[in-house]
Amino acid sequence: MNFKLILNIATHLLRARLKQTIVAAVGVTFGIAMFITLVSFMNGMNDLLDGLMLNRTPHVRLYNEIKPSETQPISLSNQYKNSTNFISSVKPKDRGKAIYNSKAIINALKKDNRIIDVAPKITEPVFFNSGTIEISGVIYGIDVAAEEKLFQLSDYIVAGKVQDLTQNNSIIIGKGLADKMLLNLGDIIKITSAKGNLASLKIVGIVQIGIADLDNSMSYTSLSTAQKLMGAPTNYITDIQVKLHDITTAPALAKEFKTKFEVDTIDYQTTNSQFETGSSIRSIISYAVGIVLLIVAGFGIYNILNMMIFEKMDSIAILKATGFSGNDVKWIFISLSLIIGIVGGVFGLLFGYILSSIIDVLPFNTAALPTVKTYPINYNPLFYIIGITFALITTAIAGLFPALKASRIDPVEIIRGK
């Protein structure tokens with residue numbers, strides 16, 4: 001089989017029907033460009049939302065959960081220990097929210113090679129006092145350096161600096177809370193803990209995570225300030241946040257740490273399962289729409305090649321009469337289809353990249369995401385590989401059926417009919 005000759009004949013046939021060829025190639029170009037643009041934008045949006053979630057969520061969190069005691073007194077009785085006991089109105093056991101021996105646990109976790117680093121934290125409900133009004137919220141006592149390293153808190157600071165939390169009696173409050181109470185940097189906010197302790201803290205920063213419920217109620221202070229507010233000792237810690245090198249191991253490590261340190265644990269996948277579901281659905285929709293566009297372009301190529309066969313019956317008969325086999329004719333028309341797919345696919349990748357680049361610089365200003373200035377785009381090369389691969393597969397299949405039809409044409413019948 002002389003592929004050079006076959007390719008030459010296919011090129012001449014394409015030139016003979018140049019308008020139809022251009023229409024087919026434009027269909028592929030449009031399909032690929034829309035596929036690349038849609039998938040890049042949708043995955044960029046997924047990365048933005050997932051980053052918003054993952055940047056603020058530890059891969060594994062160690063804490064003490066308020067829950068009923070698993071062992072009830074009746075189960076300790078020799079008379080009833082082998083029986084099935086139904087107990088109602090079981091009260092939760094007050095074992096406190098503080099993690100026992102937290103410093104030893106933190107030291108052990110920092111020596112684990114699977115862990116990037118550990119950030120201790122105190123989570124306590126408080127009341128923010130505005131005159132006679134009390135606004136309920138939460139104060140987070142953090143190790144400033146560790147929190148910044150693992151969760152990039154400064155990316156969400158819209159006023160002030162996170163490093164200023166190292167000052168005594170300082171606090172960073174949520175943007176929604178600051179707007180409600182008409183507070184700015186340098187103002188003093190009065191806080192009442194759940195135990196009735198009072199404190200006056202200086203506002204050194206305003207943070208905006210982008211989640212309204214959090215921005216309206218949260219605040220950050222240093223570990224030492226939070227411990228003083230709670231009237232707790234210096235080893236008082238309610239949460240230990242862990243970041244891993246391989247986040248896929250989070251569920252398994254959460255179970256391991258729960259058994260090893262005898263604390264409650266939860267991994268990020270369980271905490272944010274709704275985000276995972278939303279990202280998966282958006283990705284499926286974007287890929288489905290892109291593939292449909294390519295399939296529609298494939299039908300256009302099929303129709304054009306089918307019409308070309310009817311119009312080139314005599315040319316096919318002459319080719320066969322001069323010694324070309326049915327297999328040669330088949331490869332001529334498959335080559336036609338692949339040329340359209342390659343040309344359309346390459347231009348589709350180019351225009352897809354150009355459209356993505358245009359979207360990437362469009363201003364995207366929203367109060368919920370102050371750190372985001374333009375629409376998010378993901379330039380993953382995998383999208384471009386998938387696009388050109390599917391374009392070639394679609395056009396090859398679209399050209400295969402007309403090619404098989406052309407290969408079965410009997411030249412004698414065509415010439416006799418002429």
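This dialogue covers the salt bridges in a predicted model.

Reader: How many salt bridges does a search of the whole structure find?

Author: Side chains of opposite charge can pair when their charged atoms come close. In this predicted model, the search finds 5 salt bridges.

Reader: Which residue forms a salt bridge with K175?

Author: The partner is D179, and the closest N and O atoms are 3.0 Å apart. Both residues belong to helix α6 (residues 175-181), where they are 4 residues apart, about one turn of the helix. K175 is partly exposed, at 28% relative accessible area, and D179 is also partly exposed, at 45%.

Reader: Which residues are linked in a network of salt bridges?

Author: D112, R114 and E256 make up such a network. The side chains of D112 and R114 meet at 2.7 Å, N to O. R114 also bridges to E256, with 2.9 Å between the closest N and O atoms.

Reader: Is D112 buried or exposed?

Author: The cut-off for buried is under 20% relative accessible area. D112 has 15%, so D112 is buried.

Reader: What is the relative accessibility of R114, and what is the relative accessible area of E256?

Author: R114 is at 36% and counts as partly exposed. E256 has 31% and is partly exposed.

Notes. Residues numbered from 1 in each chain as written. Predicted model: local features only at pLDDT ≥ 70, side-chain atom pairs only at ≥ 80, totals over all residues. Heavy atoms only, no water. Salt bridge = Lys/Arg side-chain N within 4 Å of Asp/Glu carboxyl O. Buried < 20%, exposed > 50% of the residue type's maximum accessible area, 1.4 Å probe, protein only. Helix = DSSP H or I, 4+ residues; strand = E, 2+ residues; numbered from the N terminus.
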